[in-house]
Amino acid sequence: MECVFGLVGNGFAIVVADSSAVHSILVHKSNEDKIMLLDSHKLIAASGEPGDRVQFTEYIQKNVALYQFRNGIPLTTAAAANFTRGELATALRKNPYTVNILLAGYDKEAGPELYYIDYIATLHKLEKGAFGYGSYFSLSMMDRHYHSGMSLEEAIGLVDKCIMEIRSRLVVAPPNFVIKIVDKDGAREYAWRESVKDTPVPSA
Amino acid sequence: MSIFEYNGSAVVAMVGKNCFAIASDRRLGVQLQTIATDFQRIFKIHDKLFIALSGLATDAQTLYQRLVFRHKLYQLREERDMKPETFASLVSALLYEKRFGPYFCQPVIAGLGDGDKPFICTMDCLGAKELAKDFVVSGTASESLYGACEAMFKPDMEPEELFETISQALQSSVDRDCLSGWGGHVYVVTPTEVTERILKGRMD
C-alpha cells in the first residue's frame, strides 16, 4: 500500500511519499520519512520491503558521499541514477533488493531530473512517475493535469489532487504524506500532509 | 505472465536494396500498467551496426552496457569497427555464457557488412542465431509481426519504400498486441546515411 510519486516542474523536481510503517495489519508509525537526502541536490524516494529500503538507500547515500570525498565534485543526477541501477542489477541474480526508487535531482547543466528505477533495475528518465497501488490513481491524475514547466503552485496543486484521489479511492489508503522538493537551492522538505497525527512520546 | 512479457516489446528488421531498416515500439510497461512511452530499444553500436533488444528491460539495459564495453575494447585493439557477423557471434556467446541463468532478451541485429551488404539476424535468449535474407522479428508482438512482414515484404526495396513497409508492418502488428505500441522508432541505414524517424500511431 506504499505510495510514492514524483514530477518535474519548472526548475524543480518534487517527490511525495506516504509515511506509514506497516507490519501486516498493524501500523507501527505514521510519520516515517521514506525520502532520503542523497546529497545537497538529490532526493531518493524509496518504497518496498522496509529493511531493504533503509539498507539500500543508506548504502547508495554513503557511496555518493564517498565519490564526493574522493573526487572533490558531486555526482550528476544521471550518474547517481546509473550507479543505483548498477548496484540493483548486480544484486538481482544473487540476493535481490525489493526496493522501488524515484531519484530526483538538480544539476546546473541538466536542470531538474526524475529517474524511475524498478526493483529489477529497470532505469528510465521520466517527467512524472509513481510506484505502488497509489500509482493507479496518481499517474492518471498526472496524465490529465500535468504539463511541462509547471510552476511550484501548480505542481503542489497537482500533488494535492493526487493525494486526495489516493485518500478517497484506495481501500487501505495511507493517512499521511511527506512532500520534498529539489531545485537550484538544494534538496529540502517542503511540507507534510497529515490527516492522522501520532501522539508524541512523553520524554523522561 | 511470462518474464518475457513483463515489460512488453516489438522489434523488426528488414533488408532492402543496399540498405536495412530496424524498428521498435516505444512502450515501457510493468505488466498491465504503462510507465513510459519513449523507451529506447534500438541501440547504435557503430554507424553501420544496430542492435535492438526485446524482452525484459533491465536485462536489455545490462546486456547493452556489456556489448558496448566489448565493442569499445575491440575497437581499441583492432583499430576498426566490428563486422555485423562477428558482432552477432559475440552476442550469441555472451548469451550462452548464461545458459542456466539467462538474460531474458531476444536481440535483433542489423548491419551493413563487407561491401555494404545488409546483414540481419535474430536469436533467442540462449544465443541460437537465426539468419534471414528478408526480415527478422522479436518481442511480444512477434507472431503478428511474422504475418505482417510476410505479407508486405518485397525484395530489393529502396530506402523510402522500405521505411513505409517496415512502419506499416510494425504499426499493424502492435495494434493487435496490448503490451507493445505507443508509437514507433524506425532507423533506415544506407551506406552513406542513417535516418531516424518517430512514428505516431494508435497511442494506446
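User: What makes the area between chain A and chain B count as buried, and how much is there?

Analyst: Buried area is the accessible area (1.4 Å probe) that two parts lose on being put together, summed over both. For chain A and chain B that comes to about 1,400 Å². Carbon and sulfur atoms give 47% of it. On the chain A side, A:Arg85, A:Arg93 and A:His124 lose the most area, together 38% of what that side buries. This is a predicted model: local features need pLDDT of at least 70, side-chain atom pairs count only at pLDDT 80 or more, and totals for chains, interfaces and linings use all residues. Residues are numbered from 1 along each chain as its sequence is written, chains are lettered from A in the order in which they are written, and side-chain values use heavy atoms, with hydrogens and water left out.

User: How many residues are in the contact?

Analyst: Contact means heavy atoms within 4.5 Å. By that rule, chain A gives 17 residues and chain B gives 21 residues.

User: Why is the pair B:Asp59 and A:Arg93 called a salt bridge?

Analyst: The term asks for a side-chain nitrogen of Lys or Arg within 4 Å of a carboxyl oxygen of Asp or Glu. B:Asp59 and A:Arg93 meet at 2.9 Å, N to O, so the pair qualifies. The count between the two chains is one salt bridge.

User: Which elements of chain A touch chain B?

Analyst: α2 (77-92), β9 and α3 each give two or more residues. α2(A) gives the most, with four residues. Helices (H or I, at least four residues) and strands (E, at least two) are DSSP runs, numbered from the N terminus.

User: What makes the largest pocket a pocket, and what is its volume?

Analyst: On a 1 Å grid over the protein atoms alone, a pocket is an open set of points where a 1.4 Å probe fits, with protein on both sides within 12 Å along at least five of seven lines. The volume, the space filled by probe spheres set on the points, is about 820 Å³.

User: Which residues line the largest pocket?

Analyst: Lining residues have an atom within 4 Å of a point. There are 35, and A:Met1, A:Glu2, A:Phe131, A:Gly132 and A:Tyr133 lie nearest the centre. β4 (33-36) of chain B is among the elements that supply at least two residues.

User: What is the volume of the second largest pocket, and which residues are closest to its centre?

Analyst: Its volume is about 510 Å³. Of its 24 lining residues, A:Leu126, A:Lys128, A:Asp143, B:Ile35 and B:Ala36 are the closest to the centre. α3(A) gives the largest share of the lining, five residues.
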